[in-house]
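Hi,

Here is the structure I promised to pass on. Have a look at it first, and then read my notes below.

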Amino acid sequence: MLHEKAPAKINLTLDVLGKRPDGYHEVEMIMTTVDLADRLSIAPAKDGKIRILSSDRYVPDDKRNLVWQAAELIRKKYGITSGVTFTLEKRIPVAAGLAGGSSDAAAALRGLNRLWGLGLSLGELAEIGADIGSDIPFCVHGGTSLATGRGEKLRHLPPPPNCWVILAKPDIGVSTADVYGRLDLKRMRHPDTPAMEAALRASDYEAMCRSVGNVLEPVTMDMHPEVAMLKNGMKRFGADTVLMSGSGPTVYGLVSSEARVPRIVNGLRGFCPEVHAVRMLGDGLPLD
Ligand code: ATP
């Protein structure tokens, strides 16, 4: 039995540059992994089947699960007939803008590479993952990267300066496709991605806080006023900067001093069911 940690990501920036002929959006985003993670256990199964045992009843346990798709793709590609049982302990909120499913799939790819002794590099695993989902290549590597193209082209960046991340997910579901569909490409406030990259290179916390931005935020806020309420609450309780991650609805706040974390967390718990205070993972996970 093998174990893999599947951490969530947040978007420090998320920009959409246009729509491509293949129907995907051309994106430019800086993402980093945080220490809120699902746990995936992987065991060989004698009956040749792919099976998923999930702790979350809202997560599908069949071929709709990205973990299942990752396993099937690897089996097809390398002519493997062995079965595998995944036990998935969900901690990352589902459909939240935190790439939970993508990170689980990435963990499955890393784990199966070990279980079946395939000897693939992280780059090769990332390429395989890109066929299932655009965020999977980033999740294979973890750490901090600038992602372009559909999100699958990565350039590694230095880790963010040390701080706390407070994640708050309102009790609403947001469909990523719906949010992208409502985005008006002619009227967007683009984040300053080069400024964010410079802030990371200089390890400048204040500049990082000034440079966060997400073009999808106003779209999701329009559909769900709860997101704006959460943002305002988080700021009022003392976060240094606040942004929605991905297509939402999770909102995160950055805080430099640990002493301010409990006040924000306790304040938010009054009106938000799911609040976590975590650290950034910086350079990514040790891949053991
Ligand atoms: P992203 O930030 O990439 O948009 P997300 O956080 O919005 O991701 P996920 O948590 O990955 O969304 O889940 C979105 C949908 O994908 C769920 O509603 C679920 O039906 C499906 N899904 C497939 N595999 C998984 C998985 N392993 N964990 C959670 N959801 C999964």
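A pocket here is found on a 1 Å grid over the protein atoms alone: it is an open set of points where a 1.4 Å probe fits, with protein on both sides within 12 Å along at least five of seven lines, and its lining residues have an atom within 4 Å of a point. Keep in mind that this is a predicted model, where local features need pLDDT of at least 70, side-chain atom pairs count only at pLDDT 80 or more, and totals for chains, interfaces and linings use all residues. Residues are numbered from 1 along each chain as its sequence is written, and side-chain values use heavy atoms, with hydrogens and water left out.

Now the pocket. The largest pocket has 42 lining residues, and A99, S102, D135, T176 and S247 lie nearest its centre.

The ligand sits in that largest pocket (more than half of its atoms lie within 2 Å of the pocket's grid points). Around the ligand there are 20 residues, and N65, A95, A99, G101 and D104 are the closest (a residue is near if one of its heavy atoms lies within 4 Å).

There are polar contacts too (pairs of N or O atoms within 3.5 Å). N65 has a polar side-chain atom 3.0 Å from a nitrogen atom of the ligand. On the backbone side, a polar atom of G97 is 3.1 Å from a ligand oxygen, and a backbone N or O atom of L98 lies 3.2 Å from an oxygen atom of the ligand.

Cheers

Definitions and conventions:
A polar contact is a pair of N or O atoms within 3.5 Å; within protein, one must be able to donate a hydrogen and the other to accept it, and residues adjacent in sequence count only if both atoms are side-chain atoms.
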